[in-house]
Amino acid sequence: MAAPVVRVRILGPVELSVDGAAARLGGPRGRALLTALALRPGETVARERLITQVWGPEPPKTAANQLQIAVHRIRAALTAAGLDATAVLRTKAPGYVLAGVATDLTDFRGLVGTGATAAAAGNWPAAREAFAAALAEWRGPACRELASAAVAAQLEEERLAALEQRMVADLAAGDTAPVIADATALLTSQPLRERTWYLLTLAHLLAGDATEAADAHRRAHAVIAESVGLDPGPELAGLDPAADPRPALDAARAWITAPSRPDIPHPMQLPPEPRHFVGRDGELAAIAGALTTAKSPIAIEGLGGVGKTTIAIRAAHNAAPRHPDGCLYTDLRGTDDPRDPHRVLASFLRSLGVADGAIPDDPAEREHLYRSTLAGRRMLVVLDDAAGADQVRPLLPPAGSAALVVSRTRLHGLDAERVPVDVLPQKDAVTLLARLSGLPGAAGRSDLAELAALTGGLPLALGVVGPRLARRPHALARLTALLTDEQRRLDELSAGDRRVRSCVEFAYRRVSPGAAAMLRAVSALPLPEAGLWLAAAMTGATIAEALHQARELADAQLIRPVRAGWGPGTRLGVHDLVGFYAVHVAGTAEASRRALATGYRALLRCAWEADAHLPYFQHLTPALGEPADADPAALDHVRADPAAWLRAEHETLLAAVADTARLGETDTCWRLATVATNHLELHGHTEDLRQMAEHTETLDLGTTARAHVLFSRTKGMRLEGRVAETVSILRRLRRDFLREGEHAHAAAVAADLSIASRQTGTPPRAREAQLRWALARLGHRERDHRERGLRGWVLVMLGNLLAPADAAEDAYTEALAEFRRCGDRVGEANALTMTGVVAYRRGDHDTALALFRRCVDLHAELGDTPGRLFAEQYTVGALVSAGRLGAAATASDTVIEALAAFPYPVLLIGALRVRGVIHLLSGEHDRAEAVLAESARLATAADLPELADKAARVLRDGPVRPDEALEIAL
């Protein structure tokens, strides 16, 4: 019996078949794995390569396990088809082999070879048939399942080259119609393919249509000039649409029968491929994509030691098959003693077969000869360590060839496709260190991960540390300790001429004093990135000056803009070792301390302005004190979108509180710990409220400052459900604020005390007294919009306690007026929500439902998650009252699902209570019992006996009437 035929198709949707019957592959991971193996059938493909191709440069931690699962599923499909799965998909160190299978990629390449052989023999109909058969293997885009785009780009180029070869065979066989159709279609998506334009023009000529030929030739010149600013290469430029087409057809035939000229040297000057290469799929894909069009040189830019040359060499080796006329390489020594480009040209010309006596002395004539020699060739030129655009321009090849340019600085004035290179991600850094050190099981060792982190993922640093470990594998702990010592780290990261310090120093010494000061300031911050405005404040620069300095640092590869574009909102990132150099080598501890103190005071000013311009003022923020001023442009940026600014600076604020505590900046510290309370409370950042308060505990704060910090802390405690604890704290805070003459803050505490008291079972009359006490101390003060906002919130709380409905409505109406005067839109939405409750209690359910839905949208627009969820909860109650149980159940489940990810236990307890009511009204008593029991359990755990009892009463006192639903929610 003949052996079964196993076939894998990857030139389109991935398929696995056995004797023509399709096998089930399962999910995308299995298809991607099969694709990666089918690219190299019969060869061992390492697990790490497979993981990179399937998941990309930053695979999940579980990638190795998921790879095994994908292997298991493919083998299960093979077994189900009656095959010996382990014989077809073999395990062979260091990976897997796909053995004994046919692939459409192999068939495609074989048919292309058959076509070329037939063409060389002059059998153009057979060549045409073979090329057409090769193209028929394609059923759509190849390898879309892989995370790496480079493979797909390379295969697509092979397909297009085969298509052009088939078109040549068409013309040689005397058939112009398919060439005109296919070339026209291809140029719609690939307008820079010069050989396709050549074939289209030639096809029109051979068809006897000189007008169309001339038009195609003209359009080709226009498209290429507009896109790349250059004339077409010599092949297309030399095609005369008015001349005899036979010589042009002979030239096209030679693309297949004589693709290279044996009498002309084909230099291959690339250094050997890197022995240890990890990751970089994104960069390689970007380079491969740019090389496909070769519209302009490709500039690979990054900090010294970041691995640019390694990437360029790997990319060049990958691209070499598509550049059959060879590769030129030179080190331009831009960081040492930059080479004269015209001397480099002489070296290149010698490599291209030009005798010394034929190389002109005149620089312009030498450039002209270089381009003339490369004309019509497809070569790759790699220019390493370029000093600047002026050094590069004379060495760029003409159209048809491509150039990779490596530089430590941004090459201004060079029209190039730019590929920025940053440090390795932590996982790739550990993998590289494991390979360099050769330690057994190294990639999974936490101690090696710690060491890799100390190198900051800089390949140069890893290249220093790895070989040291290879020589002394038992010295890992000692080496880690040496690098942890901040006074020795940069010295330890050096071996011979491989010195991390030198890489940073080279760039640092070339920037202006102002830019150097900015780098030192930003590097002193305990953060991986910082706002441009903060860097300006720390150095005393204006935003305009800081923008100029930041661009200078970015050009020198010393910082990276974290966000696209330049402006006050730009954020700056600094590589770990660059920052370490700036602080510990170029700077001083005292200068760093002064810059930090100045910057943190400016941060306080900006945060206070952001809080003042938020659309909500439930928390009464302390007065500003005397912070450093901030640039007007920075303040304008803050005021334009305060919520966005607070989100962007969230981590900065948290780190600044800890750092000002370390520095002993007491006044700045406690004010920073309280200034963002409105923002943190609204978005449920309970952990940050706790941490900020804890950072101040080591400081000697006065009574007022400590009271403000503790008041902010109670906001987070209430969100956590620790309501009972807050009651005694709030009572003490009210006394402290009164004693210090802080009457408005005493009123704010009383309002929060009323909320906490409700949740701990205090009678409504006592809570009303607390609120009226607060109102008496707030009065009708006009001078502070924050106090107006607070007064509005107190009135809403008071309205919640008042009966009859008219009295409550009056309170809500007055609150609404206060909110609108001070611009508190969140308060306005809450007042409208409670106005909806009044309408509900009067029996006007339609008005109530419309108001609730309006408030849901308003809270969502403002980013007020608690307010939105409260309004949605009221909407649920109104839907129940209207008898729309199905809609109510769906809306209730949505609220409960949202609350599962939001730290607001009181609201979750109420949402579960209402869901229990819906179950009861739907006749689902068992489900109601389970949900209400969960509500009571959560209330008991949060020490909220009133809410626990409320859930129990709903179940005990049923049946529930629909019109009671909203009251139960409240």
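Contact here means heavy atoms within 4.5 Å. The structure is a predicted model, in which local features need pLDDT of at least 70 and side-chain atom pairs count only at pLDDT 80 or more, while totals for chains, interfaces and linings use all residues. Residues are numbered from 1 along each chain as its sequence is written, and side-chain values use heavy atoms, with hydrogens and water left out.

**The chain as a whole**

The protein chain has 48 helices and 17 strands, where helices (H or I, at least four residues) and strands (E, at least two) are DSSP runs numbered from the N terminus. Its C-alpha trace spans about 105 × 70 × 65 Å along the principal axes. Of the 970 residues of the protein chain, 54% count as buried, a term that stands for under 20% relative accessible area, with exposed meaning over 50% and partly exposed in between (1.4 Å probe, protein chains only). Among contacts in the protein chain with a separation of 6 or more, 67% come from residues 24 or more positions apart.

**A covered helix**

Helix α27 (residues 576-584) is mostly covered, since 7 of its 9 residues are buried; these are Leu 577, Val 578, Gly 579, Phe 580, Tyr 581, Ala 582 and Val 583. The elements that cover the buried residues of α27 include α19 (446-454), α20 (459-471), α22 (489-492), α23 (500-508), α24 (513-524) and α28.

**Two helix pairs**

Two packed helices are described by the angle between their axes and the distance between the axes. Axes are lines fitted to C-alpha atoms, for helices over the stretch in contact, and angles run from 0 to 180 degrees between N-to-C directions.

Helix α28 (residues 589-612) and helix α32 (residues 666-675) have axes that come within 10 Å and cross at roughly 30°, and α28 and α32 are therefore roughly parallel to each other. Angles under 35 degrees count as roughly parallel, over 145 as roughly antiparallel, 65 to 115 as roughly perpendicular and the rest as oblique. In this contact, residues of α28 including Tyr 600, Leu 604 and Trp 608 meet residues of α32 including Thr 668, Arg 671 and Leu 672. By class, the contact of α28 with α32 has 7 nonpolar, 1 polar and 3 charged residues, where Ala, Val, Leu, Ile, Met, Phe, Trp, Tyr, Cys and Pro count as nonpolar, Asp, Glu, Lys and Arg as charged, and the others, Gly among them, as polar.

For helix α45 (residues 905-921) and helix α46 (residues 925-941), the axes come within 8 Å and cross at roughly 165°, which makes α45 roughly antiparallel to α46. The residues of the contact of α45 with α46 divide into 9 nonpolar, 4 polar and 4 charged.

Arg 7 lies in strand β1 (residues 6-9) and is buried, with a relative accessible area of 19%. Thr 677 belongs to helix α33 (residues 677-682) and is likewise buried, with a relative accessible area of 1%. Apart from neighbours within four places in sequence, Thr 677 is in contact with His 619, Leu 689, Ser 712 and Lys 715. The side chain of Thr 677 also reaches the backbone oxygen of Thr 674 at 2.8 Å.

The table gives polar contacts between side chains, a polar contact being a pair of N or O atoms within 3.5 Å; within protein, one must be able to donate a hydrogen and the other to accept it, and residues adjacent in sequence count only if both atoms are side-chain atoms.

| Side chain | Partner side chain | Polar contact |
|---|---|---|
| Arg 7 | Asp 107 | 2.5 Å |
| Arg 7 | Glu 137 | 2.9 Å |
| Thr 677 | Ser 712 | 2.8 Å |
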